[in-house]
Amino acid sequence: MIHDPASREKPDVGDINQRFYDSLWTDARLVGPDRFNTWDLVSGLADSHARRLEVGPGMRPRLPIANTHFVDISRPALSALKREGGVTRTAPISALPYADDSFDLICALDIVEHVEDDEAALSELSRVAAPGATILLSTPLHPEYWTPFDEIVGHYRRYEPEALIALLDRHHLQIEHSAIFGMKPRSSWINDLGMWFMRRHRNVAMKVYNRFLMPLGLRLQKPLELNPGMVPTNGVEEIFMVCRRTA
């Protein structure tokens, strides 16, 4: 389900994403995957999954960098990952430059909500995943929670939970575990202040986020609490999912 009414002209989401994230990552430092609350899960999976791909990591990769394949549209991010031993390619999620069944562990966090054709995106993730592969995904939920933040960062949609499950099922991705996710502040006035700065003083806002707010957010992360299947989603703004590529 797409937030924008049919009568409203939709922005070029691809262009918004390119400009926003090139600007964001140009002034950012690479944050290692061990700094995130996903690391306990990911590090264990990486030990037994040598063929790894992360799509759209930016400067915040979640998979181990060395010898992992990374696909992104942001050249500043890919350059930083390559310097740390990543294998990098420039491509959109809807046209991954890999053969079928290439990977046993795939990560695509906060990606599918950014693309207009999410069917093509999930089709590509499923195609390059080997049968039985683990796919880590996250995405925002509930169209009624749409705010100006979604527009500024280039979201195309928020998902109804039932529609998300059906989308994954169409592409042979079964949710095995899930967790409440996200680093967005709960305080509405902090979000409103951030959006005001993003609209009027974007360069300053980017620097403040990269140098102060992001490190603070890392310190305040809560442990990732995985539950079997899909967690109850009432009141949940974003979800993290561990999926299995079925035959």
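Which residue in E4 stands opposite Arg52? It is Leu105.

Before going on, the ground rules. This is a predicted model, where local features need pLDDT of at least 70, side-chain atom pairs count only at pLDDT 80 or more, and totals for chains, interfaces and linings use all residues. Residues are numbered from 1 along each chain as its sequence is written, and side-chain values use heavy atoms, with hydrogens and water left out.

Helices (H or I, at least four residues) and strands (E, at least two) are DSSP runs, numbered from the N terminus. Two strands count as paired if DSSP finds at least two bridges between them.

Now the sheet. It is open and mixed, with eight strands in the order E3-E2-E1-E4-E5-E8-E6-E7. E3 (87-90) and E7 (227-228) are the edge strands with a single partner each, so one side of each has no neighbour in the sheet.

On to E5. Ten of its twelve residues are buried, that is, under 20% relative accessible area with a 1.4 Å probe, protein chains only. E5 pairs with E4 in the parallel sense over six bridges, and Leu137 in E5 stands opposite Ala108. With E8, E5 pairs in the antiparallel sense over seven bridges; there, Ile135 stands opposite Cys243.

Methods
Buried means under 20% relative accessible area, exposed over 50%, partly exposed in between (1.4 Å probe, protein chains only).
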